[in-house]
Amino acid sequence: MLVSVLPINLIGQDSLSHIKFLDSTLNISDKGLAIELLKEKVFKLGNTHSYIKGLYYLRIGRIYGNQHQLKLGEDYYRKGLQIGLKLNNDRLLSQGYLGVGGIQLIDQLHDPKNATYDSIFLYFEKALPHLIIENDKKNIEGLNSNIELILINLGEIDSAKSLIKNTLKKREENDDKIGVLGSLNNIALLYRKSKNYNEAEKYYIETFNLAKSDSLLNQMTSAKLGLARLFMEKGEFHKSLSNFLEYDSLNKLSLNAEFQKQIANSETKFKTAEIERDNALKQAEIEENRRQLLLLYAFSFLLILASVSTYLFFNQRRKRQKIASEKAIQDLLQSQEMKTTYALLEGQDKERKRIAAELHDNLGSILVTLNMYADTLQNKKPKDIPALAQKIADVAQLANTETRKISHSLDSGMLRHFGLEAAIKQLTEAVSSARKIKFNLSIQTGEISSEASIEIYRIIQELVNNTLKHAQCTKVHLELTHVDHSFSIIYEDNGIGFNPKEASGGMGLKNIQNRAERLDGELTIDSTPGKGSSFIIEIPHL
């Protein structure tokens, strides 16, 4: 289901070794080992946001996805996508958007009756222009194949049939054998969903025979499973059982082939480890001899230096002691006075900045909400006025409470008592009821400190405040993810967008940037006039 081919065309010898390694991971049958090797490469690259590191993240996401570890797969695809956004790289962006959409599609297909495909279409829509720029025909057809599955599950048979026909034609022109088998399998599924079982059976059999001619076990297995399900739906249980047994037999053959590959990989690994061990022992012996020689030289030098230093020390000791004592006392007094002065000035400056930020973020946001309710009151029917008036009174009371909190060192009791998730939901529900903005929330905060919760909540407040003032949007997607001490915030709207360079001087964006930096995080803004806005904040350690 996932389309994650990574065509890699780079220039330079340094990149070439990474590319060869990436290609080699596709042939490692032990996927756990492949992931460990890739993570080791990522660790060696350090904190840089390079193109190669983005490719490693995408490959890890691909392997996790193929192993049906969907959450981990999506997390690593998003890491690669974030580097793509920082570098504005079409390859990383196309594969990142495509990978996240593909992972979410697999998750939704597990429960097709309750599936929602809006966000999946959004990711595929973002991937397509980058795929076109890259002229990545194989993945473009793969994307179309995924859309075909969505259309089939939505019951839009005619649209799915037309798209499958075009996709199949292009795959045949490109001599993409596996892609052709995927399209034929989709045609069979389309007919099975339409209960045209005769046509569905014909295409499943054609898929199986073509796969068999090229010894493609996975595609043969998939076709037999489709036939087993088809006959089960028809009530022909004997044929269903027969096809299922063939599917099971093929599946075991596939597993046996994988097992043989694992044995071969293990033998190669063992021989390589022996060679590396022998080389390491020889190198250790050389290093030990070198270390002993250096120690001998160092000892001789120190002995000479100690003799000279002792003579000079005792010769000048009496004179230096008096001068040094007087100077030390003077330096200590002067240093202490300067430290006290700097600490006082710095504390005053920090307090002014903190109060200014809290006034803008907290009380300013509440007053905007109050003004919004007041504007709404003019257009409400008489029967709705009491309820809205009560909301205005509640918000006014909240403003009064917030003012008291600011005057008492701005203590955030709400977050401490109700938690970050509850606070965010309360904020978005208030905005949604008044401005008819639909919020799509995905919140996974885990255990974080109260100080970090306050900073994150203030960031969300500022983002929502900017949306109300400038975005003119109808939908907002807010996602908070906490994995392995890494915390990320993704905030996207479908509003009018803006030029980040022209808006960088605004107080709201500065507050968001400052709060992100206090958490050692990085803010990335992706926005174009007329095409909405995306804000991504990555906090590596929380």
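Start by selecting residues 197-213, helix H10, together with residues 217-234, helix H11: in this predicted model the two pack at an angle of about 160°, with their axes 8 Å apart. That angle makes H10 roughly antiparallel to H11, since anything over 145 degrees counts that way. Their crossing is left-handed.

Now show side chains. On H10, the residues making the contact include Tyr197, Tyr204, Ile205, Phe208 and Lys212. Across from them on H11, look for Met220, Leu227, Leu230, Phe231 and Lys234, among others. If you colour the contact of H10 with H11 by class, you'll get 11 nonpolar, 4 polar and 5 charged residues.

**Next stop: H7 and H8**

To see who is touching whom, pick out Glu141, Gly142, Asn144, Ser145, Ile147, Glu148, Leu151 and Ile152 on H7. Their partners on H8 are Ser159, Ala160, Leu163, Ile164, Thr167, Lys170 and Arg171. By class, the contact of H7 with H8 comes out as 6 nonpolar, 5 polar and 4 charged residues.

**Then a parallel pair: H15 and H16**

Jump to residues 420-435 for helix H15 and residues 450-471 for helix H16. The axes of H15 and H16 come within 10 Å and cross at roughly 10°, which makes H15 roughly parallel to H16.

What classes make up the contact of H15 with H16? There are 10 nonpolar residues, 2 polar and 1 charged.

**Open space: the second largest pocket**

Several elements give two or more residues to the lining of the second largest pocket. The helices to display are H4 (70-87), H5 (90-109) and H6 (118-134). The strands are E1 (438-443), E2 (475-483), E3 (486-493), E4 (522-527) and E5 (533-539). H6 supplies the largest share of the lining, with 8 residues. Colour the lining of the second largest pocket by class and you'll find 9 nonpolar, 12 polar and 10 charged residues.

**Last stop: the cavity**

How many cavities of 30 Å³ or more are there? The count comes to 1, and about 80 Å³ of space lies in the largest cavity.

To find the largest cavity, select its lining: Arg78, Leu81, Gln82, Leu85, Tyr97, Tyr123, Ile490, Glu492, Asp526, Ser534 and Ile536. H4, E3 and E5 each supply at least two residues of the cavity lining, and H4 gives the most, with 4. By class, the lining of the largest cavity has 6 nonpolar, 2 polar and 3 charged residues.

Methods. Residues numbered from 1 in each chain as written. Predicted model: local features only at pLDDT ≥ 70, side-chain atom pairs only at ≥ 80, totals over all residues. Heavy atoms only, no water. Contact = heavy atoms within 4.5 Å. Nonpolar A, V, L, I, M, F, W, Y, C, P; charged D, E, K, R; others polar. 1 Å grid on protein atoms, 1.4 Å probe; cavity = no way out; pocket = protein on both sides within 12 Å on 5 of 7 lines; lining within 4 Å. Points joined across faces, edges and corners; volume = space filled by probe spheres on them. Axes fitted to C-alpha atoms, helices over the stretch in contact; angles between N-to-C directions. Parallel < 35°, antiparallel > 145°, perpendicular 65-115°, else oblique. Left-handed = near helix turned anticlockwise from the far one by under 90°.
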